[in-house]
Amino acid sequence: MGISRRQFLGWLGAAGVGATAASRAEAASNKQFGGYPDSFGILHDTTRCIGCRKCEEACNKVNELPVPEQPFDDLSVLDKTRRTRFDVFTVVNQFRKKDGQLPVFVKKQCNHCLEPACASACFVRALRKVKTGAVVYDESLCVGCRYCMVACPFNIPAYEYDEALTPRVTKCTMCHPRIEKGLLPGCVESCPKEALTFGTRERLVKIARRRIEKYSNAYIDHIYGEHEMGGTSWMTISGTPFSEIGMREDLGTQTASSFTAGPLSAVPVVVALWPVLLTGIYAISKRKDKIADEERIHAVAQTVADANQEMTVKLAKMKDSMAKEKEAAINLEVKRALEDAAKEAAESQQASEETGSETPKEEK
Amino acid sequence: MAKRRSFGWGKGIVPVIILAGVFFVIANVYSDTDLDGFRPDVLMIDLPAMPGGEKMPAVQFLHDVHTQRVQEKKKCSTCHLEKNQQFVFKFMRLDNSAIETDMAIYHENCIACHVKTEANGEKAGPVTGDCRSCHKTQTGVGSSWKPLSFDKSLHYRHESANVILPEDAGDTVNCSACHHTYDKTAKKTVYTRGEEGSCRYCHKKEKTDEASSIRSASHDACVNCHQTLVSQKKTAGPIECAGCHGAEEQAGIKVVAPVPRMKRNQPDAVLLASWITGQDTDAKKVTQQMDPVPFNHEVHERANASCQSCHHETLKKCSDCHTENGDQDGGQVQLAQAMHSRTSSQSCIGCHKEAQTDQNCAGCHAGMPDKQFADENCRQCHRLDRSVLGPWPMNKEARTELAAEAVKASAGNFVKPTNEQIPEKVVIDVLADQYEGAQFPHRQVFRGIEARIGDNGMARYFHDKKTTLCMGCHHNSPASLQPPKCASCHGETSKGSLDERPGLMGAYHGQCINCHQKMGIKDPAATDCGKCHKEKLSNKQ
Amino acid sequence: MPQETAQVNKSIFTPFNVIAGMIIFCGLIITVLRFTGGLGAVTNLDDNNPWGIWIGFDLLCGVALAAGGYVTSASCYIFGLKRFHSAVRPAILTAFLGYALVVMALHYDVGRPWRLPYPIFLSPGTTSLLFEVGLCVFLYLTVLFIEFSPAALEWLGLKKIRNLVVRLTLVLTIFGVILSTLHQSSLGALYMIAPSKLHPLWYSGYLPVFFFVSSVFAGLSMVIFEGSLAHRHLHHKMDETHLKESEGVALGFGKAAAFVMMGYVGVKFIGIAMDNNWHYLATGWGLWFLLELVGFVMVPSFLYAIAARDRNLRLVRWASILAVLGVVLNRLNISVVAFNWHLPAADRYFPSWMEIAISLFVVTIGVVVYRFVTTQMPIFYEHPDYEHK
């Protein structure tokens with residue numbers, strides 16, 4: 001590796017700081033957004049709705065949507081439960097009760113949640129909750145990923161699947177431009193039964209509570225949307241249990257964003273800790289390798305040294321013994337030589353004595 | 001090269017998974033909890049748990065199936081023992097004893113009979129060893145048992161039946177045949193003339209020290225008597241479960257209408273005021289009291305199915321238990337609450353409120369918010385001024401006479417406005433935009449609502465002023481034959497005002513359409529806009 | 001581009017080329033349809049089912065199966081297991097191609113693909129996990145490109161740049177692991193925003209953990225699987241080191257995968273226990289869940305373990321196929337099968353043939369490019385000019 005440790009740590013630090021600056025996700029806490037003060041909402045009273053579809057017609061006109069095949073006064077469409085479509089921002093559905101009582105009609109549209117799942121999910125901030133309480137869509141930013149449609153627990157956003165190059169996500173806008181001008185949303189204005197009441201959300205909650213208390217036999221004691229998914233700007237009261245009129249009662253009161261707050265909060269931690277962890281592992285493993293190498297070298301050296309040592313001792317011994325042998329050999333030879341010489345001397349002496357006297361026997 | 005070895009392990013796991021799958025499918029498909037049929041004679045034999053805690057599921061016993069089998073033979077005595085010539089409607093015993101003993105009684109007797117029946121070649125129930133055939137939780141049979149309302153008509157039929165004889169042969173009426181009270185000292189039931197009341201005053205849902213449960217009491221009294229008469233070949237009431245408790249059979253019970261009044265010395269009119277007694281009343285304190293109510297007892301008798309509608313615990317007067325300050329006997333319900341509670345069907349106002357839910361009344365009344373106590377019109381009932389009472393002491397007869405007079409005086413109070421006083425047609429065109437003005441047939445609608453009051457005494461009593469009915473639509477304003485126009489109070493579509501008055505369009509549509517819906521008027525349909533106001537031709541494009 | 005060999009009867013119309021060519025041709029036509037007629041003309045997506053197999057398979061499975069890149073490079077460079085070195089370049093190539101194709105498939109799915117830079121450069125939606133995914137995939141693709149570039153640079157003969165880039169290997173590897181952890185887990189966390197739509201057995205607060213851990217053994221298994229395919233078809237391109245190490249890679253990765261998969265199974269059961277969802281196991285959905293977990297995770301894990309112990313290369317390869325299928329099944333279950341599970345059957349989603357064709361098209365392009373790169377560039381062998389580092 002050619003980089004220095006200092007350089008490496010420097011790069012990591014910069015990356016970490018950069019990541020924390022980019023991500024402003026809040027850690028999972030009990031902070032919840034209760035809506036902008038004085039933001040608006042709509043109260044839908046299903047006991048008043050007669051299923052005349054005037055609201056659908058008004059919405060269609062106000063938003064300049066294409067005129068549908070079946071006219072709005074054709075009430076046979078109520079026989080099927082409908083959902084919103086790319087060209088239908090709101091629908092009225094009919095729910096028949098048992099024992100021949102009058103059917104219940106329920107208007108369905110974007111609920112303009114206080115902490116919208118769609119806005120939380122949008123990775124390009126094309127959906128935003130604005131001060132009037134509406135959740136508005138900016139088609140100049142939308143990439144068309146449709147994550148908002150996955151996220152919405154009420155299955156509201158629709159998409160222009162047949163548009164090749166400029167597909168948009170569509171949903172009720174709470175007539176945001178109109179309410180900014182002080183007008184009523186199109187549906188609210190057109191409802192002949194005033195099944196829709198427009199006002200600030202706080203007031204609407206009070207109105208709903210009063211209505212339920214005043215007509216205690218007529219309503220289920222629950223304001224749908226007061227707390228569901230953390231609260232919605234569009235609320236509903238009904239005389240029939242909500243689960244029987246197509247409204248899910250199992251959504252809970254946690255906001256959608258609180259579900260993803262946990263994972264999001266883990267991101268900066270990973271960015272901060274992983275480098276430490278991984279570099280640590282790398283360093284440890286490298287160190288391990290290095291030590292293993294050193295140990296190997298050391299072991300080899302040791303072995304060599306030991307072998308040398310042994311060799312030296314052996315050699316010395318050998319030298320010693322060789323020297324001894326040599327000495328012994330020399331001594332032996334000297335001894336032999338001396339003996340030989342002595343013998344020779346003795347012999348020659350004896351010979352000289354014998355030549356002077358008798359003939360010696362010559363031995364050879 | 002590594003050695004070759006088959007992965008038999010992998011192959012073996014696949015069948016295991018398949019078997020597990022089959023198991024789950026079977027478990028789901030066959031855990032069927034639907035019921036095949038419903039019968040009124042379903043009895044649950046459910047002994048308490050053994051001392052060690054063991055308990056088998058309750059046994060579902062179909063009583064009528066068994067009575068029909070023993071029809072030709074010894075009848076009730078096959079299963080029920082007699083005491084004092086009356087059957088005890090427990091199984092083969094006079095009273096409950098230890099759990100093991102009772103259990104043995106059931107097992108031995110039931111099974112013995114089943115064995116015998118089967119031996120005779122007939123279909124019989126489970127025998128020894130078929131424990132779970134009796135003790136099962138899912139039998140496929142549900143109970144359609146309906147409680148029997150022993151109403152005035154049934155009571156009259158018993159009262160007037162010659163076959164029902166009084167205890168004392170010389171008695172002209174046969175009340176003593178059924179009615180009794182409990183003498184605590186003598187510890188037995190005795191008959192006291194003039195103290196007959198509903199069985200339920202003493203016989204409650206659960207057995208008490210002084211009385212058996214209403215279930216035991218009614219079966220002991222009714223079924224035994226019916227059984228006796230039937231055995232004497234006389235016409236009598238049902239002896240099988242379904243006869244009283246089956247929906248079909250109940251619908252077939254003969255009804256006497258109109259039922260002659262019960263003879264219990266009840267008053268026709270009563271002066272209601274808790275503070276009036278027969279004794280001296282301090283004249284000064286009278287001025288502190290609430291004005292009394294002249295109460296038409298006779299009309300209320302006729303209007304209710306039984307005395308218990310109001311006299312829910314006893315035939316004594318209400319203030320005996322429901323005192324001004326509240327008493328334990330009255331369940332701590334104070335007198336004012338007992339009379340005026342909007343949620344209790346035994347209180348005056350509560351019962352009247354229930355009556356308003358009738359379809360003939362609901363058009364106006366369903367749209368009215370719940371009244372607070374302070375909104376009630378006290379004078380409607382508290383008609384008599386305290387000043388007319390006296391001189392003290394005022395005895396019961398004098399008071400009753402006063403009440404009777406007041407009741408009579410209020411009889412003809414339902415006055416209808418004349419045609420001149422009611423505009424015939426009203427054109428509502430103040431909001432005309434996409435539609436023409438509505439041609440509202442005002443007089444026709446009013447007369448229609450008036451007709452729905454008909455002979456209903458209560459409705460006539462409470463709508464006793466000419467202007468009262470007008471207030472059904474012309475609400476929240478002083479009563480008048482010329483009420484202010486709706487637009488006086490209903491302006492533009494509201495932007496959420498707290499008193500939540502709808503705007504004028506919502507007010508008109510709400511008033512009309514809600515009334516039609518509540519009264520079940522299908523024509524005009526709520527969505528048929530053109531029926532009430534024609535659509536302007538310029539709109540149709 | 002076909003390779004020119006000395007063999008006589010090799011024409012351009014090999015079976016592989018013909019079939020690949022047909023798929024690519026079909027794919028191009030459908031591409032035109034998609035960009036002239038919109039998604040509605042080509043897919044079965046609707047307002048209730050906005051995400052189909054282009055997300056479920058191309059994106060989710062693509063990213064999971066391309067995890068071999070970070071896993072292999074981490075094991076070699078961070079954990080110091082040098083005996084896996086020869087597997088790094090093929091794995092990085094697979095990863096790079098995988099991610100590039102994921103981005104390509106994304107261009108089909110997203111409504112206005114030319115706006116894909118918006119969330120990163122123009123208007124970041126930082127509350128969104130999709131932003132997290134997008135940012136990390138964008139960065140990681142860059143990392144992979146750089147990590148892959150030495151092979152191309154060697155092929156092009158640009159020594160100096162190549163040597164410079166090679167020095168970045170460790171940093172890039174660490175960065176790659178960080179980014180992979182983030183985006184693999186974020187893909188799982190995407191579905192956490194919709195608990196009301198995903199079946200309780202698959203929905204869990206631990207979804208990010210499940211996705212990350214499964215990406216580890218998905219990568220390991222893909223390396224084994226692709227290795228076995230490469231051995232069969234690209235054997236002649238492999239040098240001695242590669243051939244010598246390949247058995248060790250397969251068995252070593254198999255052993256590692258066995259461990260990780262058992263850990264995964266444990267965490268899955270903890271996920272069920274946490275929400276007390278045991279009773280769901282006794283339903284039809286429970287059976288499907290158990291099939292995925294037992295049949296496609298526990299079984300291959302077990303097979304891996306046996307294979308590692310017995311040094312059974314054939315079993316390792318079969319186990320890797322099962323494991324890869326298991327990851328694919330898991331991703332499809334979460335995105336398409338158990339998603340919207342409570343909707344009536346008439347409202348459920350099934351891909352159109354054109355969607356399947358495009359997915360096939362994307363995969364085919366991947367295989368074709370892979371084949372080109374491995375036959376031209378020093379992936380399976382070391383370039384003689386550059387010493388082994």
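Among the contacts in chain B (heavy atoms within 4.5 Å) between residues at least 6 apart in sequence, 53% join residues at least 24 apart. This is a predicted model, in which local features need pLDDT of at least 70 and side-chain atom pairs count only at pLDDT 80 or more, while totals for chains, interfaces and linings use all residues. Residues are numbered from 1 along each chain as its sequence is written, chains are lettered from A and ligands numbered from 1 in the order in which they are written, and side-chain values use heavy atoms, leaving out hydrogens and water.

Chain B has 18 helices and 12 strands, which are DSSP runs (H or I of at least four residues for helices, E of at least two for strands) numbered from the N terminus. The radius of gyration of chain B is 34 Å, well over the 24 Å that the globule rule gives for 541 residues, so chain B is more spread out than a compact globule; the radius is taken over C-alpha atoms, and the rule is 2.2 Å times the number of residues to the power 0.38. Along its principal axes, the C-alpha trace of chain B spans about 105 × 90 × 45 Å. Of the 541 residues of chain B, 25% count as buried, meaning under 20% relative accessible area with a 1.4 Å probe and protein chains only.

In chain C, His242(C) is found in helix α11, which covers residues 240–274. His242(C) is buried, with a relative accessible area of 7%, and, not counting residues up to four places away in sequence, touches Ser86(C), Pro90(C), His231(C) and Phe380(C).

Definitions and conventions: Buried means under 20% relative accessible area, exposed over 50%, partly exposed in between (1.4 Å probe, protein chains only).
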